[in-house]
Amino acid sequence: MNIETPVLIVGGGPVGLGLALDLGWRGVGCLLVDELERDGYRTHPRANLINSRTMEFCRRWGVAARVKEVGTPPGYPHTAMYLTGMRGHLIARIERPAHGGGKAIAFTPEPPQRCNQIWFDPVLRERAEGFSSVALRYRWRFDSFAQDEAGVTSEVTDLAKGETHTIRSQFLAACCGGRSPIRRLLGIAASEGEVLGAPMSVYFRAKNLWDYHDKGKGVLHFIVGPTGVWATLNSLNGGDLWRVTLHGGAKAHGAPESVDHKDILKRIVGCEFPYELISISPWVRRKLVTAAYRHGRVFLAGDCAHQNTPTGGYGMNTGMGDAVDLGWKLAAALKGWGGPALLDSYDAERRPVALRNVEEATRNFQLRSFAAIPELMEASAAGEAQRRKLGDEILANTGRELLSDGIAMGYRYEGSPVVCADGSAPPPSSVTEYVQTSFPGARAPHAILRDGRSTLDCFGKSFVLLRLGRDAPAVSPIEQAAGRRAVPLATVSLDEPEACAIYERKLVLVRPDGHVAWRGDALPQADPLIAQATGWI
Ligand SMILES: Cc1cc2nc3c(=O)[nH]c(=O)nc-3n(C[C@H](O)[C@H](O)[C@H](O)COP(=O)(O)OP(=O)(O)OC[C@H]3O[C@@H](n4cnc5c(N)ncnc54)[C@H](O)[C@@H]3O)c2cc1C
């Protein structure tokens, strides 16, 4: 059968689903294929942390409430602990009261949530398949592609029926994860990147595990030995589902089928407790950012483009940022108002974000090991002194992976060909701190409006030209310039003092992905502004 679709998405993980959802939300047609059954590998838990920026995307798509509903319950603490065992010595405790919605955060209407991919991916899928322009096909394997001036021709196999299909699309989005066949077909070396480790996940069910120790409820428990963290106990649902990551993997613990999980769980918790083993799965920690995200009409996103160790929870969140950056640009190209530089800007904007996040995740991981501290496990004054010293170091250095608002929210597309620099000095950038700014390329700030909405609720479907303050200039020249190029643009006038202050200028042009394209106090040359922001110059 020959099939035509504007965008073929290969991969129904969170990134492919996020892209399908974003395109569907924009009324753009796409076909997503995944070789797995609908839920496939997602029966074994991977990402838990949905950071604030991803939650803001979910809010835009209308699924934020659902993510909160199916994720960790709001009252459950997002506390992280470093300890020698659940009944052992506590080394450091990091509370995160603003995570999960317990306490409001000034810079976002959407606090970080914990919602494992087991539940998160289906939320995206259900929303994506609600759009008539989106088709999802499971048990369809992508086999090959060839591209020409006008489009991409791909071959796929319907595994259930044993039939092959030829799909003709304008664009091909490779969201097929770390083992992407598209990377291979593009000739991107399989050995690209660095292997940092080969851990093992032990997934199990245990009711009221917190009753078996004295440390209280938490989500992340780093189990420390004399030379570093050897296991991590992770709450998946704030209830009965848990995962242990064994950092030594098969090398230290044997093949999955021979892992002595009973002994390991006893060592971690400090006593025997009733549990049901669900699965044991090995995986590979990598450090990888592929050399180019765009190859003609083929775009790489998510784990296909970059991979990092989950220390910090950046992988999927970085991929969701890719999906959102790519979605509106593909829509603009297909609708005819996006110019050639707009598609090029995907690489220019997203690769630097991945390079930063992958580096930071690697740093976090490397800090998990340290020079041997022989007294660390001792119930002695010397042991206590060493634990206090290590705890201080963790709070000063390592702890930042758990409070990385700057990574989640602070990435800026400065230097992008479609961002109009204003000559002002870039604000400082930090891993932990995020300070809202309207600096060109930054995420447009959140402020609460008189009607209770967030400024963020104004963005998404079109460019939005914000007029801030009663003396903001009239903007009809910009509206007319957008009209001449058929660029969707809405003008929104705000006079709330908080919004005016936080946006720093009287006029701010916000892109459909919610990033600032331009800002100023006076009217610019309207035609060049619109042409640059949409990739025509
Ligand atoms: C233990 C662990 C914990 C993690 N924790 C976090 C966290 O807290 N926060 C975070 O942000 N990230 C985390 N991550 C990373 C996160 O899981 C990944 O970054 C994320 O799943 C990548 O999504 P993706 O859609 O790019 O790729 P994937 O989820 O890998 O999806 C790719 C899809 O492509 C399909 N596919 C591949 N080849 C083909 C083909 N030929 N034809 C059709 N379909 C194909 C696959 O079947 C798969 O469904 C964690 C990862 C691990 C292993």
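**Salt bridges and packing**

Modeller: Let me begin with a salt bridge, in which the side chains of Lys 68 and Glu 110 meet at 3.0 Å, N to O. Lys 68 lies in helix 3 (residues 64-70) and Glu 110 in the loop between strand 5 (90-94) and strand 6 (113-114), so the pair ties together parts that are 42 residues apart in sequence. Before we go on, note that this is a predicted model, in which local features need pLDDT of at least 70 and side-chain atom pairs count only at pLDDT 80 or more, while totals for chains, interfaces and linings use all residues. Residues are numbered from 1 along each chain as its sequence is written, and side-chain values use heavy atoms, with hydrogens and water left out.

Colleague: What counts as a salt bridge, and what makes a helix or a strand here?

Modeller: A salt bridge is a side-chain nitrogen of Lys or Arg within 4 Å of a carboxyl oxygen of Asp or Glu. Helices (H or I, at least four residues) and strands (E, at least two) are DSSP runs, numbered from the N terminus.

Colleague: How many salt bridges does the rule give?

Modeller: The count comes to 37 salt bridges. Another of them joins the side chains of Glu 401 and Arg 368, at 2.7 Å, N to O. Glu 401 lies in the loop between helix 10 (381-396) and helix 11 (405-409) and Arg 368 in the loop between helix 9 (340-366) and helix 10, so this pair ties together parts that are 33 residues apart in sequence. Glu 401 counts as buried at 5% relative accessibility, and Arg 368 counts as buried at 5%.

Colleague: Which residues are linked in a network of salt bridges?

Modeller: Asp 325, Lys 329, Glu 349, Arg 511 and Asp 513 are linked in such a network.

Colleague: New topic, helix packing. At what angle do helix 2 and helix 8 pack?

Modeller: Helix 2 (residues 52-61) and helix 8 (residues 315-335) pack at an angle of about 45°, with their axes 9 Å apart. The axes are lines fitted to C-alpha atoms, for helices over the stretch in contact, and angles run from 0 to 180 degrees between N-to-C directions. Helix 2 and helix 8 are therefore oblique to each other, given that angles under 35 degrees count as roughly parallel, over 145 as roughly antiparallel, 65 to 115 as roughly perpendicular and the rest as oblique.

Colleague: Which residues make the contact?

Modeller: The contact is made by Thr 54, Phe 57, Arg 60 and Trp 61 of helix 2 and by Asn 317, Met 320, Gly 321 and Val 324 of helix 8.

Colleague: And helix 1 with helix 4, how far apart are their axes?

Modeller: The axes of helix 1 (residues 14-25) and helix 4 (residues 117-128) are 8 Å apart, and the two helices pack at an angle of about 25°. Helix 1 and helix 4 are therefore roughly parallel to each other.

Colleague: Last one, helix 14. Which of its residues are buried?

Modeller: The buried residues of helix 14 are Ala 526, Leu 529, Ile 530, Ala 531 and Ala 533, and what covers them includes helix 8, helix 9 and strand 21 (463-468). Thr 534, in the segment after helix 14 (526-533), counts as buried at 1% relative accessibility. Leaving aside neighbours within four places in sequence, Thr 534 is in contact with Trp 337, Gly 338, Gly 339, Leu 342, Phe 463 and Val 487. Just after helix 14, Gly 535 takes a positive phi of about 85°.

Technical notes:
Buried < 20%, exposed > 50% of the residue type's maximum accessible area, 1.4 Å probe, protein only. Contact = heavy atoms within 4.5 Å.
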